[in-house]
Amino acid sequence: MARTILEIYQEIIDEKETRTALSALLPAEETSQNLLDDLTSNSKVAIWRLWAFIIAVAHHVHETFFDQFLIEAQAIADSAVPGTPLWYKQTMLDFQYGDSLEEIDGRFQYEQIDEEKKIIKRCSVEERTDGVVAVKVAKEDDMEQPIPLEEAERLALNSYAAKLKFAGTLLVVTSIDADLLRATYKIYYDPQVPLGALKIDLQEAIDEFLADEIPFDGEFIVTRFTDKLQAVEGVVDPVFQSAESKPANFGNWSEFEIKTDSAAGWWLWDRGVADMFEFIPSI
């Protein structure tokens, strides 16, 4: 931000005071306020003070020009399309179902922004090694949980993405039903806790883990899930046995021991705790 003329002038004077060769210049204790007072009076002003003031004005004008340049440069940068994964993600989130893009000022954009029509609530973007930009998206239900787009919504989104994507980019947008997940454990538990209540608490814990503790298109990590089970009151030791997952409507079950990711971007349990867990009293 540009300094004022008097701020610059005062810095010149402060520097002058550090140089003994200039100590004879009068007045001996010059300030920017002194100069301002003298400029509006009938007194004569020393030539060195006028030159210092002129230099201060020149610096102020120069800095003001730079400030304006930075504002204009930032405006250009803000309007530029970077084509990064973050830009693609924000572009998907800005999709307005029911509206058409229009060419305005040389760019495709909506004539009017309507937050109510922005149906995409979850999105991930991956630049794959084969050159594909893979995008996964989902809406949310009344419980703010992800659900896939309907066919008409998906077609509209693909048309929108085709207009906005970078030329030559192979962009693949998917929105499908949640992957299915199973995880079997031996649950050693404190028999002082009623088994029925324990099962309810465990079911709430595993549902919460999928819904709230894994980001959209994040990984299911066995050790973190085990920690979640361990934190349930009454659980003494959750011993992992096996885990497997599969896309909802295609493919086969795939076992994993450490972690896995999903085709849809999120999971649903294929079974409840009563069918996945073996409960063993710890005595």
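This is a predicted model: local features need pLDDT of at least 70, side-chain atom pairs count only at pLDDT 80 or more; totals for chains, interfaces and linings use all residues.
User: Where does E233 sit?
Analyst: E233 is in the loop between helix 7 (222–230) and strand 9 (235–246). Helices (H or I, at least four residues) and strands (E, at least two) are DSSP runs, numbered from the N terminus.

User: Okay, is E233 buried or exposed?
Analyst: Exposed, because its relative accessible area is 67% (buried is under 20%, exposed over 50%, partly exposed in between, with a 1.4 Å probe and protein chains only).

User: What does E233 touch?
Analyst: Beyond its neighbours within four places in sequence, E233 contacts V193 and L198 (contact means heavy atoms within 4.5 Å).

User: And how far is D201 from E233?
Analyst: The two are 32 residues apart in sequence, with 8.1 Å between their C-alphas. D201 belongs to helix 6 (residues 195–212) and counts as partly exposed, because its relative accessibility is 34%.

User: New topic: what's up with phi at D105?
Analyst: D105 has a positive phi of about 55°, though it isn't a glycine. Most residues other than glycine have a negative phi. D105 lies in the loop between strand 1 (102–104) and strand 2 (107–109), and it's exposed at 74%.

User: What about phi of E144?
Analyst: E144 isn't glycine either, and its phi is positive, near 60°. E144 is in the loop between strand 4 (132–140) and strand 5 (146–147). With 54% relative accessibility, E144 counts as exposed.

Technical notes. Residues are numbered from 1 along each chain as its sequence is written. Side-chain values use heavy atoms; hydrogens and water are left out.
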